Amino acid sequence: VQLQASGGGLVQVGGSLRLSCAASGRTFSSYVMGWFRQAPGKEREFVATMSWSGGSTYYADSVKGRFAISRDNAKNTVYLQMNSLKPEDTAAYYCAAGVVPTTKPKSYDYWGQGTQVTVSS
């Protein structure tokens, strides 16, 4: 599976962005999909994950209620809708595909390139 993330940019505090992650391969629908982020000088941290069917989601406490993960298996795409953005959301955001729905980056098998999100105050 190859993943291509897009949709990052510069946004003001309180604004919104929607990230997309397009996947190649015919088995996309069988993978758990996750979003992670990494700020300069910090470790990569979990943001959200969604089961292969889309029926189960899990979020980091820091984004719960503000971010929403979704997927369209017909389009081989997973999304991250980010609302009420804060300066601390500034980071490179990565999508990932794996087998087990987990918050641990090492458990994901495939990664997209990062897309930068910068929230200005």
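## Side-chain contacts in a predicted model

D89 and R37 form a salt bridge in which the closest N and O atoms are 2.9 Å apart. The model described here is predicted.

**Salt bridges**

In total, the structure contains four salt bridges. Because D89 lies in the loop between β8 and β9 and R66 in the loop between β6 (57–59) and β7 (67–72), the pair ties together parts that are 23 residues apart in sequence. R37 in turn forms a salt bridge with E45, with 2.5 Å between the closest N and O atoms.

| Residue | Relative accessibility | Class |
|---|---|---|
| R37 | 5% | buried |
| E45 | 35% | partly exposed |
| R66 | 11% | buried |
| D89 | 0% | buried |

D89 counts as buried because its relative accessibility of 0% is under 20%. E45, at 35%, falls between the limits of 20% and 50% and therefore counts as partly exposed.

**The disulfide**

The structure holds one disulfide. It is formed by C21 and C95, whose sulfur atoms are 2.1 Å apart. C21 belongs to strand β3 (residues 17–24) and C95 to strand β9 (residues 91–98), so the pair ties together parts that are 74 residues apart in sequence. The torsion about the S-S bond of C21 and C95 is about 65 degrees, and the disulfide is therefore right-handed. Both ends are shielded: C21 is buried, with a relative accessible area of 0%, and C95 is likewise buried at 0% relative accessibility.

**Aromatic pairs**

The count of aromatic pairs comes to six. One of them joins Y31 and Y110 in an edge-to-face arrangement, with 5.7 Å from centre to centre and 90 degrees between the planes. Y31 lies in the loop between β3 and β4 and Y110 in strand β10 (residues 108–111), so this pair ties together parts that are 79 residues apart in sequence. Y31 is buried, with a relative accessible area of 14%, whereas Y110 is partly exposed at 30% relative accessibility.

The rings of F36 and F46 have their centres 5.8 Å apart and their planes at 75 degrees; this angle is over 60 degrees, so the pair is edge-to-face. F36 is located in strand β4 and F46 in strand β5 (residues 45–50), so the contact ties together parts that are ten residues apart in sequence. F36 is buried at 0% relative accessibility, and F46 is buried at 9%. These two residues also take part in one aromatic cluster, formed by F36, F46, Y58, Y108 and W111.

**A charge over two rings**

R44 lies over the face of Y94, at 3.8 Å from the ring centre. The charged end of R44 also sits over the ring of W111, 4.8 Å from its centre. W111 is itself a member of the aromatic cluster that includes F36 and F46.

Key:
Residues numbered from 1 in each chain as written. Predicted model: local features only at pLDDT ≥ 70, side-chain atom pairs only at ≥ 80, totals over all residues. Heavy atoms only, no water. Disulfide = S-S within 2.5 Å. Helix = DSSP H or I, 4+ residues; strand = E, 2+ residues; numbered from the N terminus. Buried < 20%, exposed > 50% of the residue type's maximum accessible area, 1.4 Å probe, protein only. Salt bridge = Lys/Arg side-chain N within 4 Å of Asp/Glu carboxyl O. Phe/Tyr/Trp six-rings, centres within 6.5 Å; stacked < 30°, edge-to-face > 60°. Lys NZ or Arg CZ within 6 Å of the ring centre and 35° of its normal.
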